[in-house]
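User: I would like to learn how to read the sheets and cores of a model like this one. Please start with the terms.

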Amino acid sequence: MVPTSQGTSVLDQTVLVASPTGGVFRSTNGGVSFTQVSGTSGVGDAIDNDADGSTDEVGELNLPNGGAFHLVPDPGNANRFYAAIPGQGVFRSDNNGQNWLQVNGTGGNVVAGVAGSSRMELSVQGGVVYAAVLATGVAPPGNFTERVTGVFKSTDAGANWRLIQNMVQPVVSGQGFWHFAIAADPTNVNVFFIAGDVAAAGVQRVVTNDGDPTMDAWASVRGAGANGTDVHDDMKDLIFDDNNDLLLSTDGGIYRLDEPNNAGVRTWASVNGNMRPTEFYSVGWDSLNDTLIGGAQDNGSPRQSGFLSFNWDV
């Protein structure tokens with residue numbers, strides 16, 4: 001969900017929503033009601049919505065039917081938004097989400113792998129757009145095989161893209177459907193951060209080099225890459241705060257990477273505060289000690305430290 005800056009108050013604020021099953025929805029009354037944009041006609045908007053070389057042809061859709069996995073604003077343009085639709089690609093709106101244009105690139109400068117994609121994620125800063133493409137069936141084989149097939153960069157609002165080279169796979173265990181995020185750095189348009197599931201590769205800082213793409217550099221920012229500090233596995237989202245520090249949500253809660261671009265001092269710290277981000281699958285009552293023992297998702301088997309206590313020992 002993206003509450004936009006369009007409107008004079010909450011009563012007429014424009015709100016955009018991306019749904020993985022229903023596509024893109026738009027509200028012009030602060031979210032009281034929504035209109036589905038995906039699947040509506042694009043005939044008459046004077047835009048080549050599907051980028052097929054023809055404008056307003058019979059049957060042209062504003063946005064294709066199907067789920068939209070990600071929708072992001074352009075911080076430098078209050079009217080511009082990007083949506084990612086697996087199997088279709090990247091779409092851009094320049095009028096606050098009313099009309100959309102497919103921007104997968106031209107010629108050889110395209111977002112590759114769109115047709116077989118199962119998930120796509122976007123991030124925008126300083127007019128630069130990053131697009132990550134994920135697909136199922138990506139080696140190695142196993143119970144889960146949804147991994148990143150490529151990350152792409154556009155410096156011209158999606159007209160042309162280039163593949164970020166030297167990729168280190170961030171989704172090691174193949175759980176990309178649940179565990180993946182990307183965030184462009186607000187202080188340097190040539191840097192982005194990417195997160196996946198497990199191991200050192202699970203969170204990486206990527207420095208792009210448009211002059212010589214063979215020098216694109218990927219580096220872990222876990223453990224040794226963060227001065228001995230670390231985070232919980234299975235990452236869900238990345239966002240920069242107002243101090244330009246990086247916030248990461250995981251199965252173990254929220255973490256902050258202070259000074260993410262300073263290798264000498266950057267460190268992770270939990271910012272869960274008084275939240276208890278633990279999902280219990282089952283609990284058992286210990287009648288001897290009058291405490292509970294729980295079986296938690298990815299967090300072991302915590303034991304209540306005392307009768308009626310809110311503290312748990314792992």
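Analyst: Strands here are DSSP runs of E, at least two residues long, numbered from the N terminus. Two strands pair if DSSP finds at least two bridges between them. This is a predicted model, in which local features need pLDDT of at least 70, side-chain atom pairs count only at pLDDT 80 or more, and totals for chains, interfaces and linings use all residues. Residues are numbered from 1 along each chain as its sequence is written, and side-chain values use heavy atoms, with hydrogens and water left out.

User: In what order do the strands S19, S20, S21 and S22 form a sheet?

Analyst: Strands of a sheet pair through backbone hydrogen bonds, either parallel or antiparallel. In this case the order is S19-S20-S21-S22, an open sheet of 4 strands with antiparallel pairing.

User: How many bridges join S19 to S20?

Analyst: S19 and S20 (residues 246-250) run antiparallel and are joined by 5 bridges. Aspartate 237, for example, has serine 249 in S20 as its bridge partner.

User: Which strands stand at the edges of the sheet that contains S1 and S4?

Analyst: That open sheet has 4 strands in the order S1-S2-S3-S4, with antiparallel pairing. Its edges are S1 (2-3) and S4 (35-36); each has a single partner strand, so one side of each lacks a neighbour in the sheet. Between S2 (residues 15-19) and S3 (residues 23-27) there are 5 bridges, and valine 15 has serine 27 in S3 as its partner.

User: Which residues have the most contacts inside the largest nonpolar core?

Analyst: A nonpolar core is a set of buried Ala, Val, Leu, Ile, Met, Phe, Trp, Tyr and Cys residues joined through side-chain atoms within 4.5 Å; buried means under 20% relative accessible area (1.4 Å probe, protein chains only). The largest one has 17 residues, and Phe193, Val203, Leu238, Leu248 and Trp268 have the most contacts inside it. S15 (181-184), S16 (191-195), S19, S20 and S21 (253-258) each supply at least two of its residues. Apart from it lies another core of 16 residues, among them Val72, Val111, Leu122 and Trp161.

How values were computed:
Buried means under 20% relative accessible area, exposed over 50%, partly exposed in between (1.4 Å probe, protein chains only).
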